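Hello,

Here is the structure I said I would pass on. My notes on what came out of the analysis follow below it.

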Amino acid sequence: MSPLLYGEEPHLKLESTNPLRDAFEMAVIEEAWKERKPILAVCRGMQIMAVAFGGDLYQDVSLYPDLAVQHVQVSSPETTAHSVSIEERSWMGNLYGTERQVNSYHHQAIKTLPKELKATAWAKDGLIEAFETTDSNRLAIGVQWHPELMINHDSGAQALFDAYVQTVKQWKAQH
Ligand SMILES: [Mn+2]
């Protein structure tokens with residue numbers, strides 16, 4: 001994402017950005033939120049959502065020596081790259097418990113979450129790897145990893161989508 005969207009100038013290490021795509025995706029998120037549609041935000045989608053509500057990002061994780069976990073994995077996307085610690089009392093915690101291994105293809109990451117969202121999983125270097133909404137009238141889940149790339153080899157990755165669909169069904173019945 002362009003850092004201009006959260007009030008920062010582009011750092012020298014910022015890679016190519018696409019302001020039109022950023023604007024379009026932020027508009028999609030904002031409209032979905034307005035219409036109270038359930039949202040599952042994956043990787044860039046999670047970052048878009050954080051910025052859309054006033055959060056900000058690390059422009060490139062390699063700029064921060066303390067962010068020492070490999071978040072741009074060099075192994076196949078079907079394989080896990082790093083572990084995450086999960087908040088037990090959360091949607092993600094209900095699904096996976098308190099530990100999970102995930103793949104990782106992001107050179108940017110969330111630095112600050114807006115009040116509408118709370119972190120539910122973190123990499124060992126502290127980066128936010130999952131969130132859910134704090135708004136009980138809405139349903140939104142975000143993951144920084146790519147479960148869709150792991151479904152052929154990791155039943156837990158498919159389980160995330162299955163659980164999300166079940167949650168949407170239950171939530172729709174109540175709202
Ligand atoms: Mn990661």
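Predicted model: local features only at pLDDT ≥ 70, side-chain atom pairs only at ≥ 80, totals over all residues.

In strand β3, residues 82–86, the side chains alternate between two faces.

β3 has pairing partners in strands β4 and β6. With β4 (residues 99–102) β3 runs antiparallel, joined by four bridges; in this pairing S83 stands opposite Q101. With β6 (residues 117–123) the pairing is also antiparallel, over three bridges, and here V84 of β3 faces A123 as its opposite residue.

As for the whole protein chain, there are four helices and eight strands. Read from the N terminus, their order is α-β-α-β-β-α-β-β-β-β-β-α.

On overall dimensions, the radius of gyration is 16 Å, which agrees with the value near 16 Å for a compact globule of 175 residues. Along the principal axes, the C-alpha atoms fill a box of roughly 50 × 35 × 25 Å.

Of the 175 residues, 47% count as buried. Among contacts with a separation of 6 or more, 62% come from residues 24 or more positions apart.

The accessible surface is about 8,900 Å², and carbon and sulfur atoms hold 53% of that surface.

Regards

Note on methods
Residues numbered from 1 in each chain as written. Heavy atoms only, no water. Rg over C-alpha atoms; globule rule 2.2 N^0.38 Å. Buried < 20%, exposed > 50% of the residue type's maximum accessible area, 1.4 Å probe, protein only. Contact = heavy atoms within 4.5 Å. Areas by Shrake-Rupley, 256 points an atom, 1.4 Å probe, with all protein chains shown as cover. Pairing = 2+ DSSP bridges.
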